[in-house]
Amino acid sequence: MQKLDILFVASECYPFSKTGGLADVVGALPKFLKKLGHNVIVVTPRYYAIDRSKLKKLPAPLGVPMGIIGELWCGIYEGVLPNSDVPVYFIDYELFFGRETLYNDADGIGFMDNDNRFVFLSRAAMQLCKAIDFRPRILHTHDWHTSAANLFLTTIYANDEYFKRCASILTIHNMQYQGEFYGGLMNVLDVGWEHFNFREVEMNDKVNLLKAGITHATMISAVSPKYSQEILTPEFGYKLEDTLKTRANDLWGILNGVDTDEWNPETDKFLPFNYDADRLDNKLKIKRALQAEVGLPKRDVPLIAIVGRLVKQKGIDVVAEAIHRLLDMDIQIVLLGNGEVWTHFYFGDIMSLYPKKFACIIGFDSALSHRIEAGADLFLMPSRFEPCGLNQMYSQLYGTLPIVHGVGGLEDSVQNYDERTSEGTGFKFYGLNAKNLVNTVGWAVYTWYNQKERFKAMQKRAMRLDYSWERSAKTYEALYFEALKRAQKD
Ligand code: ADP
């Protein structure tokens, strides 16, 4: 098998930066591609929170041409992905990335210069290859933030010695966020205004960076098979469905894996006790510790978890609508997340109304998210759309049965409980509304109370599922070779 040099460019990379699943993928997939024998490097911003003292500084600054803005010079730091020798190159440019948050200000409003920030990251990645003498066979970008790099490859770098054998992949983690900016950004991209047309970069008289990536990548992937089909429809395509349809033959759906270095109840360092399918008594001890930690009484009732971005995509508005009916049941709910500002106030109020049943932690806390995944009995994820979703996979591996709306990756990764055969690893519903949500939670709660043995059997089955990255990495490898073939670069 041919060994490939692969360039990952991404706006987040766990454990250095994270707002969601994108970071988990970029922090994991390169390690598994490396295990398959490939040579991978990751390029990502050096945000304010990333400690430079633990990284190696490359001697020379990097010049990044930014069209009408001129050439900007940045520092480059080098580190590695934990538990691997995959190099991570951090683009250090204080003016763009020296901020505590990644994309939005404290009020949740996107930074005004997000266009320049991420075009800069994309261009810097290309320039860096030349500086470190890296000749990628595959450029792999993620979401709108880095999809300008797919455009650069086929324009500015089309005849460049360093990229002449390179094909590119764009992975869509979320179709809703597209990087739409004023048309003048063409002068910063500097690829020529001839590309500002409806077939390539332009959308509603604006630059649409995701569209540029979709039209210029050699091949495209979405993070689950179901989502790769859904985004071809108006409901999930967010107005890019027609563009995407023109690339339907080059579109694959690959389910994300779980990084078991991070998410394994047998070794998880954030848990007070470790456990596996044969030691579920320790899971109960974690539940009790979690109840104490979040201020809920240590009662023997089903504990339902919600962890994630508190935005409409995750169906949080439907949870809000249903919350009184949910809390009518003899259950407890623990919610960890942040997002739309109204949710912070709303769920704070719910906590004061139901202090013994509802605990709410507004914020981002990776360690606590592990304890919640482990300590809860059920995990609620009623996403309106879900490109892949990781929490439902983490939950299953932790024996915490997911309750999900059957879309995207949730449909692909959760098998519905079947009362007749006792099969299944979770509880699913179709049609997102408060009634269906309450009924399905009620079904799960009923099962917890009245079918204890079946519930436990489901937990054990869920914990034995295989969501290994090894499997997904092999599919990405196949995608890379296919892309090289289609671009005639093999
Ligand atoms: P998305 O990428 O749409 O946000 P995913 O389910 O794919 O959703 O990934 C979310 C990731 O972010 C998971 O690893 C989840 O545990 C983590 N996460 C989300 N919100 C929080 C939070 N408030 N605290 C800790 N981890 C969080």
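Modeller: Helix α13 covers residues 341-353, which is 13 residues, and reaches 19 Å from its first C-alpha to its last, close to the 18 Å expected at 1.5 Å a residue. Helices (H or I, at least four residues) and strands (E, at least two) are DSSP runs, numbered from the N terminus. The expected span of a helix is 1.5 Å times one less than its number of residues.

This is a predicted model, in which local features need pLDDT of at least 70 and side-chain atom pairs count only at pLDDT 80 or more, whereas totals for chains, interfaces and linings use all residues. Residues are numbered from 1 along each chain as its sequence is written, and side-chain values use heavy atoms, with hydrogens and water left out.

Within α13, Thr343, Phe347 and Ile350 are buried. They lie on the same side of α13 because they cover an arc of only 50° around the axis, the arc being that of the directions from the helix axis to the C-beta atoms. An α-helix has 3.6 residues a turn, so residues three or four places apart point the same way. On the other side of α13, Phe345, Asp349 and Ser352 are exposed. Here buried means under 20% relative accessible area and exposed over 50%, with partly exposed in between (1.4 Å probe, protein chains only).

The buried residues of α13 pack against β14 (303-310), α12 (316-327), β15 (332-339) and β16 (358-362). Contact means heavy atoms within 4.5 Å.

The wider setting is as follows. The protein chain is divided into domain 1 (5-257 + 469-487) and domain 2 (281-463); these bounds come from an automatic or database domain assignment. The centres of the two domains, taken over C-alpha atoms, are separated by 32 Å. Their contact takes 21 residues from domain 1 and 19 residues from domain 2. Between them, domain 1 and domain 2 bury about 1,500 Å², 63% of it on carbon and sulfur atoms. Buried area is the accessible area (1.4 Å probe) that two parts lose on being put together, summed over both. On the side of domain 1, Lys226, Phe236 and Leu255 lose the most area to domain 2, together 24% of what that side buries.
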